[in-house]
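Dear colleague,

Please find below the structure I am handing over to you. My notes on it follow.

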Amino acid sequence: MPTYNAQVTRANVPVPEDVSRDIIAAAPASSLALSTFRHVPMSTKTSKQPVLSALPSAFWVNGDTGLKQTTEAAWSNVIMTAEEVAALVPIPDALVDDTDIPLWDSIKPYLVEAVGRTVDDAAVWGVNKPASWTSPALVPGAIAAGNTVAAGSGKDLGADIAALAGKVAADGYAVDTFAGGAGYDWKLAGLRTTSGNPLFIGPTDPNLPGTIYGRPLREVRNGTFNATAAELLAYESDKFVVGVRQDITFDLFDQMVISDDTGKVIFNAPQQDSKVLRVVFRVGYAVANPVSRTSGDAATRFPAGVLTPAAA
């Protein structure tokens, strides 16, 4: 159900006489879609991206004076529509004054994380995907195209991952990114190739991804990875497009009235001596699924694959 009466209260914030300004909390996690998909700017709410839909052909010429044949190529438009992600955070002025915690600055990174979670849910998993986003989300699209391999179906996990990437390659795409849930790298740490080399190469910098078969493994730590639907994702990242109509912005209001979906006033900032922080992000999403020489069927062609959990 929509929420209109949530706010930060004294029950949510410690206000002792002496408190450190350092807040112990988990670092905000990045969005898989916003960190790995291709970004394009949108100058209007709706954008069209031409995608090759028919490939040209070439023909042998019969003899010295034979007639050369004609060929065609065709393009179709992928429509991308920007939709708005937003949230309001009301906090009473007295609470801001009485605590040494920098509330406004502290909450902003987690609002960015929350925006990324909403985008990942829609673009990666298809959860609450806007109706105007007509392209399939990454996981449902890969499953519908038949680009799945069940974990445990091969001789080992390494073979399963290779078979999955091979399915995407057979559609004419090159897997350049893997994605798994938090801690998936440790599941891979003990795997070895037939020559004894590690299958997964961990990063020297913990802020950088490790690699599987030389491709980066992104760990999804923002809580959106659905381990019951997928164990690992494999995809060609630039075929998944995020259109940015308006980047993430923050505005602080001291003259705002918040109402619910019936019009009833729930919160009145000036009357209740409060301010309201608003975060807004306008973003579109589309999948470019151009025709390839290896697969002309759009129904079974998709630039991603899913390693599904082993059957119980």
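With which side chain does the side chain of N289 make a polar contact? In this predicted model, the partner is the side chain of Y173, at 2.4 Å. The side chain of N289 also reaches the backbone oxygen of R301, at 2.7 Å. N289 itself lies in the loop between β14 and β15 (304-308). Its relative accessibility is 19%, and N289 therefore counts as buried, the cut-off being under 20%.

The next point concerns the sheet. Four strands form an open sheet with mixed pairing, in the order β1-β11-β14-β4. At its edges are β1 (38-41) and β4, each of which pairs on one side only. From one strand to the next, the twist averages 30 degrees. The pairing of β1 with β11 is parallel and extends over 4 bridges; within β11, V241 is the bridge partner of R38.

Helix α3 packs on this sheet, where it touches β4, β11 and β14. The direction of α3 makes about 30 degrees with that of β14. The helix comprises residues 103-123, 21 residues in total, and spans 31 Å from its first C-alpha to its last, close to the expected 30 Å.

Yours sincerely

Key:
Residues numbered from 1 in each chain as written. Predicted model: local features only at pLDDT ≥ 70, side-chain atom pairs only at ≥ 80, totals over all residues. Heavy atoms only, no water. Helix = DSSP H or I, 4+ residues; strand = E, 2+ residues; numbered from the N terminus. Expected span 1.5 Å × (residues − 1). Buried < 20%, exposed > 50% of the residue type's maximum accessible area, 1.4 Å probe, protein only. Polar contact = N/O pair within 3.5 Å; in protein donor to acceptor, adjacent residues only side chain to side chain. Pairing = 2+ DSSP bridges. Axes fitted to C-alpha atoms, helices over the stretch in contact; angles between N-to-C directions. Contact = heavy atoms within 4.5 Å.
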